[in-house]
Amino acid sequence: MGLLTGKLGIVFGVANKRSIAWAIAQAWAREGATLAFTYQGERLKDNVEELAGTFGADTIILPCDVTRDEDIASVFAQVGAKFGRLDLLLHSVAFAPREALEGDFLDTSRDAFKVAHDVSAYSLIALARGAAPLMTEGGSIVAMSYYGAEKVIPHYNVMGVAKAALEASTRYLAYSLGPKKVRVNCISAGPMNTLAARGIAGFGDMLKHYEAHAPLKRNVLPDELGATGAFLASNGAAAITGQVIYVDAGYQIMGM
Ligand SMILES: NC(=O)c1ccc[n+]([C@@H]2O[C@H](COP(=O)([O-])OP(=O)(O)OC[C@H]3O[C@@H](n4cnc5c(N)ncnc54)[C@H](O)[C@@H]3O)[C@@H](O)[C@H]2O)c1
């Protein structure tokens, strides 16, 4: 029996086969979960249908722009109608305007700050609120973060500030939802070559830097994020909530 046999989950953030959300969704499915997927807009619909379609006819695939409350309401109404309950939610969504990820942090515009925080941090609260009434037997919410939340990573800029808000929101949500036995945790991943990552100036150098300086002398693999996602979703993690778990080949412990 898989770690997640009988569990019902929803995944936000698959864009293509390189997406971290896809790595975690595959691990959740492998461990026995039945999943619903959302995609950001028409542009990504075919990709997500092609990937998620491999899980069979029970898979629900719905559009959801996380900045739109009406999309979020519609997703949870449809998932509630089909699944009747929800156990797992993956938040693997982030965005900041490209110019904010290149220049000087001092030049961050009000608009870039708002967009980055709306898409990348507030959305966790909105999705948790949508999911909570369906998590009638408790649940596990997992969000993706990055070390730029706590240390300065050149070029990461406003996304680092948004990730700090995401991590703090994780703690407040863990407190808010704890009495319902809903756990909320972040995985802080080392750099992975995905669509979102390619928007960060100097991303290739980041991969090389981790390889040279992380204790394990390598970058993290998608399957390793999947395995941690499966663990956090499982009953084995029943007493873990409000945490940021580093899956980064150990990079976070280094001072130099
Ligand atoms: N790639 C890395 O190095 C890395 C490291 C640590 C954390 N993360 C985080 O992992 C998560 C997933 O990113 P990824 O690297 O897999 O890239 P990705 O581009 O595959 O995924 C980002 C997803 O966010 C979605 N998204 C953006 N704006 C949205 C909106 N308004 N509504 C709905 N969805 C929206 C995109 O459609 C996409 O599916 C992000 O939170 C990212 O910050 C990535």
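Predicted model: local features only at pLDDT ≥ 70, side-chain atom pairs only at ≥ 80, totals over all residues.
1. **Strands E1 and E2.** Strand E1 covers residues 8–12 and strand E2 residues 34–39; the two pair in the parallel sense over 5 bridges. Within this pairing, Phe-12 stands opposite Thr-38 in E2.

2. **From E4 to E5.** Strand E4 (residues 88–91) pairs with E5 in the parallel sense over 4 bridges. Leu-89 has Ile-141 in E5 as its bridge partner. Together with helix H4 (residues 110–131), E4 and E5 make a right-handed β-α-β unit.

3. **Strand E5.** Is E5 enclosed by the rest of the structure or open? It is largely enclosed, because 7 of its 7 residues are buried. In a regular strand, side chains alternate between the two faces of the sheet. Both faces of E5 are covered: Gly-139, Ile-141, Ala-143 and Ser-145 are buried on one side, and Ser-140, Val-142 and Met-144 on the other.

4. **From E5 to E6.** E5 and E6 pair in the parallel sense, over 7 bridges. Two of the facing positions can be named: Ser-140 has Arg-183 in E6 as its bridge partner, and Ala-143 stands opposite Cys-186 in E6. The chain goes from E5 through H5 to E6 in a right-handed β-α-β crossover.

5. **Strand E6.** E6 is mostly covered, with 8 of its 8 residues buried. One side carries Val-182, Val-184, Cys-186 and Ser-188, the other Arg-183, Asn-185, Ile-187 and Ala-189, and both faces are covered. E6 is also joined to E7 by 4 bridges, and these two strands run parallel. Here the bridge partner of Ser-188 is Tyr-246 in E7.

6. **Arg-183.** This residue is found in strand E6. Why does Arg-183 count as buried? It does so because it has 24 C-beta neighbours inside 10 Å, where 20 or more are required. Leaving out residues up to four places away in sequence, Arg-183 touches Ser-140, Ile-141, Ala-174, Ala-237, Ile-240 and Thr-241. Arg-183 and Thr-136 are 47 residues apart in sequence, and their C-alpha atoms are 13 Å apart in space.

7. **Val-48.** Val-48 has its place in helix H2 (residues 42–52). It counts as buried because it has 24 C-beta neighbours inside 10 Å. Which residues are in contact with Val-48, leaving aside its neighbours within four places in sequence? They are Val-14, Phe-37, Tyr-39 and Ile-61. Between Val-48 and Phe-83 there are 20 Å in space, C-alpha to C-alpha, and the two are 35 residues apart in sequence.

8. **Helix H1.** H1 is mostly covered, since 10 of its 11 residues are buried. The buried residues are Ile-20, Ala-21, Trp-22, Ala-23, Ile-24, Ala-25, Gln-26, Ala-27, Trp-28 and Ala-29. Just after H1, Gly-32 takes a positive phi of about 110 degrees.

9. **The ligand shell.** How many residues surround the ligand? There are 27, and the closest are Ala-15, Ser-19, Met-144, Thr-194 and Ala-196. Helix H1 (20–30) and strand E5 (139–145) each supply at least two residues of the shell. By type, the shell divides into 19 nonpolar, 7 polar and 1 charged.

How values were computed: Residues numbered from 1 in each chain as written. Near = placed C-beta within 6 Å. Nonpolar A, V, L, I, M, F, W, Y, C, P; charged D, E, K, R; others polar. Pairing = 2+ DSSP bridges. Buried ≥ 20, exposed ≤ 12 C-beta atoms within 10 Å, placed from the backbone. Right-handed = clockwise from strand over helix to strand, strands pointing away. Contact = placed C-beta atoms within 7 Å.
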